[in-house]
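Have a look at the model first, and then we can walk through a few of its features together.

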Amino acid sequence: MDKALLIQLLGSALAVALLVGLAAWARLARPTAPLDQEAARRLLADEFPDHRIDAVWIGGDSASVVARSADQALVLWRKGDGYVARSAPWRDVAAAGVVDGRVRLAAVDGAPRLSLGDRAWPPAEAAA
Amino acid sequence: MKPAFDPVQMAIPFFVIAIVLEILLARFGKARANYEPRDAATSLMMGLGSTIAGLVTGGAVFAASLWVWEHRLFTIPMTAVWAWVVLFFAEDLTYYWFHRLSHERRFWWASHVNHHSSTHYNLTTALRQTWTGGVAGTWLLWLPLSLLGFPPAMVAIQKGISLVYQFWIHTEAVRRMPAWFEAVFNTPSHHRVHHARNARYLDANYAGILIIWDRVFGTFIPEDDAEPCRYGIVRNLPNFNLFTNVFHEWIGIGKDLAGSRSPREVLGYLFGPPGWSPDGSRETSHTLKARWRAREEGKGEANSTLPHP
């Protein structure tokens, strides 16, 4: 690798670090208030507009949602200042194991770990 | 191997200054912009990685262009103004079809998807470039220009100019340009639609510099202020991992091919629209838009049956 290219790459890496630092300092992330039923249902309507929501469970940290829609589980969890949405069969999600106060949804693509807090799993709100 | 005059290299300081300005203006409430530091870091690292990946495949791509140009149909002088004018339109039309192919066929989407995986729309998103474009072979689409007689360096410069133009349109800080500009050129408003994951906005506004191609080929959708753009891809990625961003769709193709049971399935998984599946159980842009239309029509019918006050 020639010297000029190496300098260019190192300079670019430094610029990346400085720009990310500036973005962190500026605190320009979208506001993401803790989820309540209303906010959760609004998010679910955006992500799953064709599903009828039977019941909504909100995680112990108010940053995740598991909703039941017939035999499907609709799952939302926080990533940065937004949410990731996935669906999976309800029976697989309900059968997920709990470790250290978190339920790990292995049946969901991305295998999120949702905080339970003082909540029970599987959610009583969505019992069959 | 690149031409001595590389618009993208020359524009890098401008890119950095523009991002700094966007952040500062947003910080002090003078412009609209949202930044999530990990998202911005991913975008910028992808830009840096794309430059390195380009060094690996760039030589072969330029050599192929040179070989084709040596077998050219006409000799087009690089110094003629008319040649630059013709190339401007020809390259931009090529870009439109490259971009459309990159969205509507999975093999090329696998390379392009990482430009769309950010859930933010700011100037760093513009630098979230592919690492696998050389492998995906989309550069082949530009070879006819060299076959016609445009020197490869001239084509490379025009491609660079297009890329530099497309930097500034990745922003929420600019709401609308003057009407005449919006009618002819690709703008932040048009390109916000392109990066949106709302069903109504999918597969639209593929333009590079001129939005006229979308208007001609029926892929233009204007931004509707009543439905703000939600950015990202239909199934947003579960993490900020750089390598997940770069390779997730290629890995998905590999898994699907491993489970294929017929040549039809192989071809469908490779060259069908993103989301294609043999039994139609997955979602494509087409099915998502069809369901959105059905919902809209349902709303319309419901409204029309309401009693008048």
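Which pattern does chain A follow when read along the sequence? Chain A follows α-α-β-β-β-β-α-β-β-β, with three helices and seven strands. Please keep in mind that this is a predicted model.

Next, the overall build of chain A. The table gathers some values for the whole chain.

| Feature of chain A | Value |
|---|---|
| Span of the C-alpha trace along the principal axes | about 65 × 30 × 30 Å |
| Radius of gyration | 20 Å |
| Share of the 128 residues that count as buried | 30% |

For a compact globule of 128 residues, the radius of gyration would be near 14 Å, whereas chain A has 20 Å. Among the contacts in chain A with a separation of 6 or more, 35% come from residues 24 or more positions apart.

Now over to chain B and a pair of its helices. Two packed helices are described by the angle between their axes and the distance between the axes. Helix H3 (residues 81-104) of chain B packs against helix H8 (residues 152-167) of chain B at an angle of about 65°, and their axes are 10 Å apart. H3(B) and H8(B) are therefore roughly perpendicular to each other, and their crossing is right-handed.

Which residues meet there? From H3(B) come Leu87(B), Phe88(B), Glu91(B), Asp92(B) and Tyr95(B), and they meet Met154(B), Val155(B), Gln158(B), Lys159(B) and Ser162(B) in H8(B). The residues of this contact of H3(B) with H8(B) comprise five nonpolar, two polar and three charged.

Conventions: Residues numbered from 1 in each chain as written. Chains lettered and ligands numbered in written order. Predicted model: local features only at pLDDT ≥ 70, side-chain atom pairs only at ≥ 80, totals over all residues. Axes fitted to C-alpha atoms, helices over the stretch in contact; angles between N-to-C directions. Helix = DSSP H or I, 4+ residues; strand = E, 2+ residues; numbered from the N terminus. Parallel < 35°, antiparallel > 145°, perpendicular 65-115°, else oblique. Left-handed = near helix turned anticlockwise from the far one by under 90°. Contact = placed C-beta atoms within 7 Å. Nonpolar A, V, L, I, M, F, W, Y, C, P; charged D, E, K, R; others polar. Rg over C-alpha atoms; globule rule 2.2 N^0.38 Å. Buried ≥ 20, exposed ≤ 12 C-beta atoms within 10 Å, placed from the backbone.
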